[in-house]
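Welcome! Please take a moment to look over the model below, and then we can walk through it together.

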Amino acid sequence: MSLPRPVIRALAAVAVLGATLTGCRGHARPAAEADNPDAALRVVTTTEILADLVREVGGDRVQADSIVPPGGDPHSYEPTPRDADAVSKADVTFTNHLLLEEHALIKAVDSNARKGTPNVSLAEASETYGAHVIPLVENIGLDVLWLGLRVRGEGAERGATRSSDILLSATDVRGPGDLVAYLTESLGQPKTYFDSSDGFDAKDTTTLPPAAHTHLNWAFTKPGVYRLTLEAKLRNLGGKPRPVGKGTFTFAVGVDPHTVAGPKDTILDDGHTDLTVNIDSGRMSAFTDLRTKGRTQEEIPPGDVVIDVPNRALEKVPAGKQFAFLGRPGAEIYQLPQAVLGKHVHGEIDPHLWQDVQNAKSYAQLIRDTLKKRDPAGAKTYDANCRAYESQLDALDRYVRTQIGKIPADRRQLITTHDAFGYLADAYDMTVAGFVVPNPAQEPSASDVQKLSRTIKNLRVPAVFMEPNLIQRATVLTQVAKDQHVKVCTLYGDAFDDHVRHYTDMMRHNADELRSCLGGSKK
């Protein structure tokens, strides 16, 4: 990403908690709420965390249900017809958005919410209630260019909404070999986006929501100069795709890019660049931080850049039938890696606002006002519940600060499986030191493991952290922790599980776990 690293703030304070943190209703009902026939409002949220906040504010006047089930990942959850039916019967729907949820889930909410019912994106609207948002900083160090796809702009003049689709298609490539753009998912299964080996047609298209970007591997079978043409179309709900941009990008693969570039061209050979369509301007560009070193990004027209794929990008095709589309096992290809394992579509703002407890207060206030507008008869109840919950959240915030404040400053280093704790670090004076980023085209290399091991060793980190719902992604992290003789602990990010069923419990656990696993004297 091009945005600056968030400034880390300091902490302090003491635990005034105990039983008061169990919630304004005492959490008498189980989180998998039973039907409440007397509820004034039926509320559907995308995640369990949001549903819990709604229950705290709404009390017995609401029946709140989450679409994403316990332990589910909102980044990847695909909605079902039953989910669509639940939305269609809701009086109010709440999403987090800022591209936290899978785009199909957002589309299911927006297309099924009844006309005239509130459909609120909490992360975006809560800024007016004082929520603090921070950029999602991606500064993963690769020794080659990190290249993705991006959509910029809102497209309001073209009727775009958050449920719109932007279709990015490869329509032509000229070069000495084949070009393949693909994504390796978290369990190692590749998904091809563009593949020129059998010509380009309708299948060589990928879809992104507005204001999103994604990471890809870019593979080339032979050295030389390639020119790839991309076309973008906008498809609004219920409409037909309409063209919004076209551009041709030049790649110098295994050859000196200076022999390809003109005197005014920019050679892209480092940092983070996305091949981008701007749905406001209708233009394609290379959106890059090359010249700004990650502080900001600039748009450069496709004809003014040469993308360098150097000889150090040579890789061997992994064994396994799933990689046969790249060539025979062991064959050499030139590849710009996607850097982050798995499907990773997101925007420029970190969507995990609730990891700062003060942001959860903003969510609660926005939920309160939304419920009051839909159910004016319950206004006094919602006001009273929200005041009580805000008091508990203030106490929770002090508790988290106190617990983390007990950790020596030089040990407040977070190494996790998933980059979901930027707000926790920003609000409570910690540093996100790393997360697992193996080379997606194959098993993590010795270099990948060495980097993670070196980070743990150099920072003298006593523990690493994994999320209970992402255990299957933690293989590398747990092995490195074992080799380095450090503990593996748990932090809750996006989801509850059977042990933690409420937001306040989740944040208390996180604070206690950080204190327990990182605190103490240095060895």
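The paragraphs below visit a pair of helices and then a disulfide.

This is a predicted model, where local features need pLDDT of at least 70, side-chain atom pairs count only at pLDDT 80 or more, and totals for chains, interfaces and linings use all residues. Residues are numbered from 1 along each chain as its sequence is written, and side-chain values use heavy atoms, leaving out hydrogens and water.

Let us start with the helices. Two packed helices are described by the angle between their axes and the distance between the axes. Helix H5 (residues 357–374) packs against helix H6 (residues 379–405) at about 175 degrees, and their axes are 9 Å apart. That angle makes H5 roughly antiparallel to H6, a label for angles over 145 degrees. Residues in contact, meaning heavy atoms within 4.5 Å, include Val357, Ala364 and Leu371 of H5 and Tyr382, Cys386 and Leu393 of H6. By class, the contact of H5 with H6 has 11 nonpolar, two polar and seven charged residues. Cys386 counts as buried (under 20% relative accessible area) because its relative accessibility is 0%.

Now for the disulfide, a pair of cysteine sulfur atoms within 2.5 Å. A search of the whole structure finds one: Cys489 is joined to Cys517, with an S to S distance of 2.1 Å. Cys489 lies in strand S24 (residues 487–490) and Cys517 in helix H10 (residues 503–518), so the pair ties together parts that are 28 residues apart in sequence. The torsion about the S-S bond is about -105 degrees, so the disulfide is left-handed. Cys489 is buried, with a relative accessible area of 5%, and Cys517 is buried, with a relative accessible area of 5%.

Key. Axes are lines fitted to C-alpha atoms, for helices over the stretch in contact, and angles run from 0 to 180 degrees between N-to-C directions. Helices (H or I, at least four residues) and strands (E, at least two) are DSSP runs, numbered from the N terminus. Angles under 35 degrees count as roughly parallel, over 145 as roughly antiparallel, 65 to 115 as roughly perpendicular and the rest as oblique. Ala, Val, Leu, Ile, Met, Phe, Trp, Tyr, Cys and Pro count as nonpolar, Asp, Glu, Lys and Arg as charged, and the others, Gly among them, as polar. Buried means under 20% relative accessible area, exposed over 50%, partly exposed in between (1.4 Å probe, protein chains only).
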